[in-house]
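Open the structure in your viewer and keep the selection tool ready. The stops below say what to select and what is there.

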Amino acid sequence: MNAPPPLPIAFIDDDQDLREANEQTLLLAGFRPVLFESAVKALEVLDESFEGVVVTDLRMPEIDGMELFRRLHARDADLPVILITGHGDIATAVKAMREGAYDFLAKPFASDSLIQSVRRAADKRRLVMENRRLRLAAEAAQAASPLLGEAPAMQRLRETLKAIADADVDVLVIGETGAGKELVADQLHRLGRRRGGHFVALNCGALPDTVLESELFGHESGAFTGALKKRVGLIEHSDGGTLFLDEIESMSLGAQTRLLRVLEQREVTPLGSNKARPVDLRVVAAAKSDLGDPQHRLAFRQDLFHRLNVVTLRIPPLRERRGDIPLLFTFFLGQACRRFQREVPVLSDAVHRHLAMHEWPGNVRELMHFAERVALGLANLDAPAPTTREGVTLPERLELYEAELIRDALTQHKGDVRATLEALGIPRKTFYDKLQRYGINRASFEVPGSADVPSALEPHR
């Protein structure tokens, strides 16, 4: 992995000897000094795109250091400016700090004092610039698709949605809690020819069986006790549009049987009626677990599974696309700050560590809620949550590290098994055993268009 380039440090002083002496100091400390003999020349170069820190003398001809600071502050309020001052100008330097200057050094100052101040300012500047880059990337990604992420699995998911948007096929979406299954269904609806119809969503696990059937299929007046008037069901209401059924695995076998008939005949018979009504809709069903797994077949009709399984879309959990976390978090943080009417905060090292170390069992939804807490200043990171990597035993930490190495290798080699095995130096059987142990889905690391990637429309087996 290549080291980042040295951070530029703008050093402004009309004393050539002082400039050259501090140039050597900054070079030895690993920075890239950019020297200016006057504030006028510095202002021709420095703006909000400058990645580094500004160090300037206060007393200079034409434009002094105080005026330089104010002009730079107007261009970029987050640009750190360190002032060099004589004893007679300390009051001016203190005033500048009240206005937003980062620090001041009184002459004569030790080289170590300069480097320590510059390093602290440089750390702050890196965070600011990283946050800006992430915000721009998030805005660009959101403009292209609401399904954010550059992981291969997300790229393939977006391409598959475009490919099947206008196809008259029902779709099964598999993803953990909070992974974004409804967002995938909504995007499929918006991309297809049914976008002019209703998008109707129902969580099958949130309603008792009797209420669920009434909600889905509708009922006639007097069909059962309490049915005082006719009700149009969600299936019929979805005519011309899309019906999204979340947590379909929780649907009773009786409701599954009636839903299967709807899918096969494209007609619905409300409770208490003998007359079937034709419907033209796409059904997108979602489940937290793989319904094709033999463990789940006892509770789910196999014929309904095969009817839904024309196309299966899998949403990778956040832990399998950790590289997308900063992008997603930045987007959610911007949304939250706009909603709460707050300024977007500069992210602290603690927030960055939490983003990198937390396991995110609640996936994108949990990340979004964390961004809201950060926006409100309520993110307490002093006490790590039980799901963080801190506070676990040494064997558990080693397992977390091993799983991360495997994910990194899969990402680097785009899911290619042979290349990944060579990089990790482990036998094939050991590799697959570890994938199963750590819950890593190798296919989610494949890049769209690779020769060994199965068709996006291939049914799950």
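Does Lys288 count as buried or partly exposed? Select Lys288: its relative accessibility is 36%, so Lys288 counts as partly exposed. Keep in mind throughout that this is a predicted model.

**Stop 1**

Side chains of opposite charge can pair when their charged atoms come close. Glu247 sits in the loop between β8 (242-246) and α10 (253-265), and Lys288 in the loop between β11 (282-287) and α11 (294-297), so the pair ties together parts that are 41 residues apart in sequence. Glu247 is partly exposed, because its relative accessible area is 22%.

Next select Arg277 and Glu236. They form a salt bridge in which the closest N and O atoms are 3.2 Å apart. This pair also links distant parts of the chain: Arg277 belongs to strand β10 (residues 277-278) and Glu236 to helix α9 (residues 234-237), 41 residues apart. Arg277 has a relative accessible area of 17% and is therefore buried, while Glu236, at 23%, is partly exposed.

Now go to Asp324 and Arg321, whose side chains meet in a salt bridge of 3.2 Å, N to O. Both Asp324 and Arg321 are buried. For a network of salt bridges, select Asp76, Asp78, Arg125 and Arg132 together. In the whole structure, a search finds 30 salt bridges.

**Stop 2: two helices that cross**

Two packed helices are described by the angle between their axes and the distance between the axes. Select helix α13 (residues 325-340) and helix α15 (residues 363-375): their axes come within 8 Å and cross at roughly 50 degrees. The two helices are therefore oblique to each other. The crossing of α13 past α15 is right-handed.

Show the side chains where they meet. Among those on the α13 side are Phe329, Phe332 and Leu333, and the α15 side includes Leu367, Met368 and Phe370. Of the residues in this contact, 15 are nonpolar, none are polar and two are charged.

**Stop 3: helix α8**

Which residues of α8 are buried? Select Leu212, Glu213, Ser214, Leu216 and Phe217: these are buried. The buried residues of α8 pack against β7 (199-203), α9, β8, α10 and β9 (267-268).

Stay with Glu213, which lies in this helix, residues 209-217. Its relative accessibility is 18%, so Glu213 counts as buried. Setting aside neighbours within four places in sequence, the contacts of Glu213 are Gly218, Ser252, Gly254, Ala255, Arg258 and Leu271. Gly218 follows α8 and has a positive phi, near 80 degrees.

**Stop 4: backbone exceptions**

Most residues other than glycine have a negative phi, and most peptide bonds are trans. Select Glu62 in the loop between β3 (53-57) and α3 (65-75). Glu62 is not a glycine, yet its phi is positive, near 65 degrees. At 73% relative accessibility, Glu62 counts as exposed.

Arg266, in the loop between α10 and β9, also has a positive phi, near 55 degrees. Arg266 is partly exposed, at 23% relative accessibility.

Finally, select Lys107 and Pro108, which are joined by a cis peptide bond with omega about -10 degrees. Pro108 is located in the loop between β5 (103-106) and α5 (111-144).

How values were computed. Residues numbered from 1 in each chain as written. Predicted model: local features only at pLDDT ≥ 70, side-chain atom pairs only at ≥ 80, totals over all residues. Heavy atoms only, no water. Axes fitted to C-alpha atoms, helices over the stretch in contact; angles between N-to-C directions. Helix = DSSP H or I, 4+ residues; strand = E, 2+ residues; numbered from the N terminus. Parallel < 35°, antiparallel > 145°, perpendicular 65-115°, else oblique. Left-handed = near helix turned anticlockwise from the far one by under 90°. Contact = heavy atoms within 4.5 Å. Nonpolar A, V, L, I, M, F, W, Y, C, P; charged D, E, K, R; others polar. Buried < 20%, exposed > 50% of the residue type's maximum accessible area, 1.4 Å probe, protein only. Salt bridge = Lys/Arg side-chain N within 4 Å of Asp/Glu carboxyl O.
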